[in-house]
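User: I am new to this structure. Please walk me through it, and tell me what each term rests on.

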Amino acid sequence: MVTRVGIARAIFLIAAAQLISCGGGSSDSSSPSPPAPIPTGNIVLSTSPTNVSVAPGLNQTLSIQVVGQNGFSGSVTVTAIGLPLGVTVSPAPLIVNSGSAGMLTFAAAPNAAAGTTQVTIQGIDSPIQTQITIPVIVNPIATPASRPFTNLGGNVLRAYYDESR
């Protein structure tokens, strides 16, 4: 006598045998692909020059070298954090491959305030990240030297004598 349990067991064994014989999975191209590997290793950043010194209305470039360690070989997103008021950086963000260098350009607006600010240069390839700090110096605007004499219609109105010269 055939019971329901016996039929269910037979169907299960047939299905299992078919699954094993075909490799255990489907060959459907819509099956999800395996997840991307998580990056491993370390990132080391270095800059040249080691600081940025820029006058208002001008700009300076900074080379960012990215070195991968312990097997890291990915692309790193580099950003500048904590810029002084009136200073911008481009490109933002900068993408640099491990073992390569990229250039950031720091531009100071004509009205940028003079002073020194510690700016963080951060490199990320999630979940790996690193950062270094560099000084960004906005130089004061030079004041023009006074003229040693003033002319009015060819006549000297005022003259200065500097004995130290």
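Analyst: Start with burial. Buried means under 20% relative accessible area, exposed means over 50%, and partly exposed lies in between (1.4 Å probe, protein chains only). Of the 165 residues of the protein, 22% count as buried. The model is predicted: local features need pLDDT of at least 70, side-chain atom pairs count only at pLDDT 80 or more, and totals for chains, interfaces and linings use all residues. Residues are numbered from 1 along each chain as its sequence is written, and side-chain values use heavy atoms, with hydrogens and water left out.

User: How do you know which part of the protein has the lowest confidence and which the highest?

Analyst: By pLDDT, the predictor's confidence in each residue, from 0 to 100. Helix H1 (residues 4-21) is lowest, at a mean of 58. Strand S7 is highest, at 98. The mean for the protein is 82, and 66% of its residues reach 70 or more.

User: Why is valine 76 called buried?

Analyst: Its relative accessible area is 0%. The cut-off for buried is under 20%. Valine 76 therefore counts as buried.

User: What does valine 76 touch?

Analyst: Contact means heavy atoms within 4.5 Å. Leaving out residues up to four places away in sequence, valine 76 touches Ile43, Val66, Leu94, Ile95, Val96, Gly123 and Ile124. Valine 76 lies in strand S4, opposite valine 96 in S6. The C-alpha atoms of these two valines are 5.3 Å apart, though 20 residues separate them along the chain.

User: How do you know that S4 and S6 pair?

Analyst: Two strands pair if DSSP finds at least two bridges between them. Strand S4 (residues 75-81) and S6 have 4 bridges, in the antiparallel sense. They therefore meet the cut-off.

User: Which sheet holds them, and what makes S2 and S6 its edge strands?

Analyst: An open sheet of 5 strands, in the order S2-S9-S8-S4-S6, with mixed pairing. Strand S2 (52-54) and strand S6 (94-97) each pair on one side only. The twist averages 30 degrees from one strand to the next. Axes for such angles are lines fitted to C-alpha atoms, for helices over the stretch in contact, and angles run from 0 to 180 degrees between N-to-C directions. At the S2 end, 3 bridges join S2 to S9, and the two run parallel. Valine 54 has valine 138 of S9 as its bridge partner.

User: Which side chains of S6 are buried?

Analyst: Leu94 and Val96, which point to one face.

User: Is threonine 47 buried or exposed?

Analyst: Threonine 47, in strand S1, has 15% relative accessibility, so it counts as buried. Its side chain reaches the backbone oxygen of proline 49 at 3.1 Å.

User: What makes asparagine 59 exposed?

Analyst: Its relative accessibility is 51%. The cut-off for exposed is over 50%, so asparagine 59 counts as exposed. Asparagine 59 lies in strand S3.

User: What makes a group of residues a nonpolar core?

Analyst: The members are buried Ala, Val, Leu, Ile, Met, Phe, Trp, Tyr and Cys residues joined through side-chain atoms within 4.5 Å. The largest nonpolar core has 25 residues; Ile43, Ile64, Val66, Val78, Leu104, Phe106 and Ile121 touch the most other members. Strand S9 (residues 128-138) gives the most to this core, with 4 residues.

Notes. Polar contact = N/O pair within 3.5 Å; in protein donor to acceptor, adjacent residues only side chain to side chain.
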